[in-house]
Amino acid sequence: MPSSDVGSSGSYGVYHSVFDNFNWFKKFGDPDFIYVQEMARVFGVETLRMADADVLPYDYEEYGKEIAVYINAAKRKADTTFGNQSPNFAEAVRAAHQFEQAGAKMLRKQQNPGNDLTRINQSLRQAERALLIPEGLPNRPWFHHAIYAPGQYTGYAAVVIPGVNEAIDKHDLARTGQQIAVLAAALNRATKVLEGSR
């Protein structure tokens with residue numbers, strides 16, 4: 001299950017060449033290991049924040065908004081790919097909106113948890129697990145997350161709402177519609193978990 005992504009980037013000219021090695025890094029990239037230490041500090045602070053929080057600092061409202069952006073982008077791509085035969089994304093759009101609303105309510109509860117700490121934390125963890133697809137992704141059943149997965153053809157780059165986007169990329173109209181329903185079902189499960197903590 002994805003939980004965090006911290007990194008640094010920038011052009012450095014030797015990527016995937018014979019010079020992309022520890023010697024280059026030590027001589028040119030970060031000779032005093034300052035940036036490496038800073039990244040370790042960022043990870044350390046994040047880990048401490050997660051470990052010491054009374055209530056897990058998950059923001060499902062923001063997560064829902066981001067998923068809505070992914071769905072809208074996939075809808076535009078499907079409209080371009082399939083034209084007037086493009087599948088209906090209304091179910092997934094509605095599910096993402098309900099997930100976002102449940103996330104907003106949960107965020108208010110996280111800010112004023114009272115004595116419900118255990119139940120709130122369980123719901124926060126279970127909501128992410130509810131986004132798993134029991135049967136896995138098409139052609140890759142070992143990947144179960146409905147929102148994020150390594151791309152099938154992108155090397156190590158991630159793909160968002162992979163079931164939907166990869167079906168569109170393959171010009172498979174039937175599978176696209178089926179994966180939209182799978183995505184909506186996962187979002188509805190996660191919403192139910194968040195709403196169940198009331």
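Student: How much space lies in the second largest pocket?

Tutor: About 370 Å³. A pocket is an open set of points on a 1 Å grid over the protein atoms alone, with protein on both sides within 12 Å along at least five of seven lines. Points are joined across faces, edges and corners, and the volume is the space filled by probe spheres set on them. The model is predicted: local features need pLDDT of at least 70 and side-chain atom pairs pLDDT 80 or more, while totals for chains, interfaces and linings use all residues. Residues are numbered from 1 along each chain as its sequence is written, and side-chain values use heavy atoms, leaving out hydrogens and water.

Student: Which residues lie nearest the centre of the second largest pocket?

Tutor: Lining residues have an atom within 4 Å of a point. Here the lining has 15 residues, with Ser8, Tyr12, Phe25, Gly29 and Tyr35 nearest the centre of the pocket. By class, six residues of this lining are nonpolar, six polar and three charged. Ala, Val, Leu, Ile, Met, Phe, Trp, Tyr, Cys and Pro count as nonpolar, Asp, Glu, Lys and Arg as charged, and the others, Gly among them, as polar.

Student: Which helix supplies the largest share of the lining of that second largest pocket?

Tutor: H2 does, with four residues. Helices (H or I, at least four residues) and strands (E, at least two) are DSSP runs numbered from the N terminus. Helix H1 (22–29) and helix H2 (34–52) each give at least two residues to the lining of this pocket. Seven helices and two strands make up the chain's count of elements, in the order α-α-α-α-α-β-β-α-α.

Student: How many cavities of 30 Å³ or more does the structure hold?

Tutor: A cavity is a set of points where a 1.4 Å probe fits but cannot get out. There are two of 30 Å³ or more. The largest has a volume of about 60 Å³, and Pro138, Asn139, Gln152, Pro162, Gly163, Glu166, Ala167, Lys170 and Arg175 line it. Helix H6 (residues 162–169) gives the largest share of that lining, four residues. The lining of the largest cavity splits into three nonpolar, three polar and three charged residues.

Student: What classes of residue line the second largest cavity?

Tutor: Eight nonpolar and two polar residues, with no charged ones. The space in this second largest cavity is about 50 Å³. Its lining residues include Ile133, Leu137, Pro162, Val182 and Leu183. H6 and helix H7 (173–195) are the elements that give two or more residues to this lining.

Student: Which residues have the most contacts inside the largest nonpolar core?

Tutor: A nonpolar core is a set of buried Ala, Val, Leu, Ile, Met, Phe, Trp, Tyr and Cys residues joined through side-chain atoms within 4.5 Å. The largest one has 38 residues, with Ile67, Ile71, Ile147, Leu183 and Leu187 making the most contacts inside it. Helix H3 (60–82), helix H4 (90–111), helix H5 (117–130), H6 and H7 each give two or more residues to this core. Beyond its neighbours within four places in sequence, Ile67 is in contact (heavy atoms within 4.5 Å) with Ala96, Phe99, Ile147 and Leu187.

Student: Is Thr191 buried or exposed?

Tutor: Buried means under 20% relative accessible area, exposed over 50%, and partly exposed in between (1.4 Å probe, protein chains only). Thr191 has 4%, so it counts as buried. Thr191 sits in helix H7 and touches Ala95, Gln98, Phe99 and Ala102, not counting residues up to four places away in sequence. Across the chain, 35% of the 198 residues count as buried.
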